[in-house]
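Thank you all for coming.

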Amino acid sequence: LQLSTQIQLESGGETKGANFTEEEAKLFVARYELLNQSDNSDPTGFSAALFRDKDTGRLIVSFRGTEPFGIQLVNDLLTADARIGLDGYASPQSISLYRYIKQLITPQGQSVQYTAQELDGLKTIYLDRADSPLELAARNLTWTTVQSDLLTDIGTALIPAGCPNLDFTGHSLGGHLAMLASRFFPELGAQ
């Protein structure tokens, strides 16, 4: 992590920033180490990062909240946030969240193993996003492609199994995703 007073975010060729004061940036870099960043090109807008608190050793998975600009605004506000109202949870980003945590807890270089129960749950989330019988039929047909993609996931082993020193956090949409992560993975001891 480089010391910067501005976090640069690309949006449609335009650079936007989330500002820290110089002192805040120094304090953040002095205390936290970035261990992993999810792929920011996720079509649902999902984004998360894994940090380690240098003082305590605690691991923190931080979920990005609603982006206020560009295509991420559409992905977050009009898709994920709207689904919270329709479905009761951010269904578009839920599968990406689940995959990200599974990759973090799976041994490095090994294929992520999904149980039949997990695959059934992820399929339910995938189908839950259908708003019409026609869309439900289409999603049923495309589930095999989604499932095949899930089976290509590879572990990073950055979160030890049963890790008692882990927190999930986020602001706005990210806070909602943190709550979902703690429900999906209660065994991780998340706060």
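This is a predicted model: local features need pLDDT of at least 70, side-chain atom pairs count only at pLDDT 80 or more; totals for chains, interfaces and linings use all residues.

The secondary structure of the chain comes to six helices and six strands, where helices (H or I, at least four residues) and strands (E, at least two) are DSSP runs numbered from the N terminus. Read from that end, the elements follow the order β-β-α-β-β-β-α-α-α-α-β-α. Residues are numbered from 1 along each chain as its sequence is written, and side-chain values use heavy atoms, with hydrogens and water left out.

Of the 191 residues in the chain, 38% count as buried; buried here is under 20% relative accessible area, exposed is over 50%, and partly exposed lies in between, with a 1.4 Å probe and protein chains only. If we take contacts, meaning heavy atoms within 4.5 Å, between residues at least 6 apart in sequence, 59% of them join residues at least 24 apart.

Let me turn to the sheet. Four strands form an open sheet in the order E3-E4-E5-E6, with mixed pairing, and two strands are said to pair if DSSP finds at least two bridges between them. The edge strands are E3 (32-37) and E6, each of which pairs on one side only. Neighbouring strands of this sheet are turned by 25° against each other on average, direction ignored; the axes are lines fitted to C-alpha atoms, for helices over the stretch in contact, and angles run from 0 to 180 degrees between N-to-C directions.

Taking the pairs in turn, E3 and E4 are antiparallel over five bridges, and Asn 36 stands opposite Leu 50 in E4. Strand E4 (residues 48-53) is in turn joined to E5 by five bridges, again antiparallel, with Ala 49 having Ser 62 in E5 as its bridge partner. The hairpin of E4 and E5 has five residues between the strands, and there Gly 57 takes a positive phi near 80°. Between E5 and E6 (residues 166-170) there are also five bridges, but these two strands run parallel, and Leu 59 has Leu 166 in E6 as its bridge partner.

Why do we describe E5 as largely enclosed by the rest of the structure? Four of the five residues of this strand, 59-63, are buried, so the description follows from that count. E4 is likewise largely enclosed, because five of its six residues are buried.

Helix H6 (residues 173-184) lies across E5 and E6 and runs at about 150° to E6. In helix H4 (residues 116-128) we find Glu 118, which counts as buried at 15% relative accessibility. Leaving aside its neighbours within four places in sequence, Glu 118 is in contact with Tyr 98, Lys 102 and Gln 113.

Of its 21 lining residues, the closest to its centre are Asp 42, Pro 43, Ile 95, Ser 96 and Arg 99. H3 gives the largest share of the lining, seven residues, while E3, H3 and helix H5 (133-150) each supply at least two. Pro 43 is found in the loop between E3 and E4 and counts as exposed, at 70% relative accessibility. The C-alpha atoms of Pro 43 and Ser 96 are separated by 9.5 Å, although these residues are 53 apart along the chain.For that pocket, on a 1 Å grid over the protein atoms alone, a pocket is an open set of points where a 1.4 Å probe fits, with protein on both sides within 12 Å along at least five of seven lines, and lining residues have an atom within 4 Å of a point; volume is the space filled by probe spheres on points joined across faces, edges and corners.
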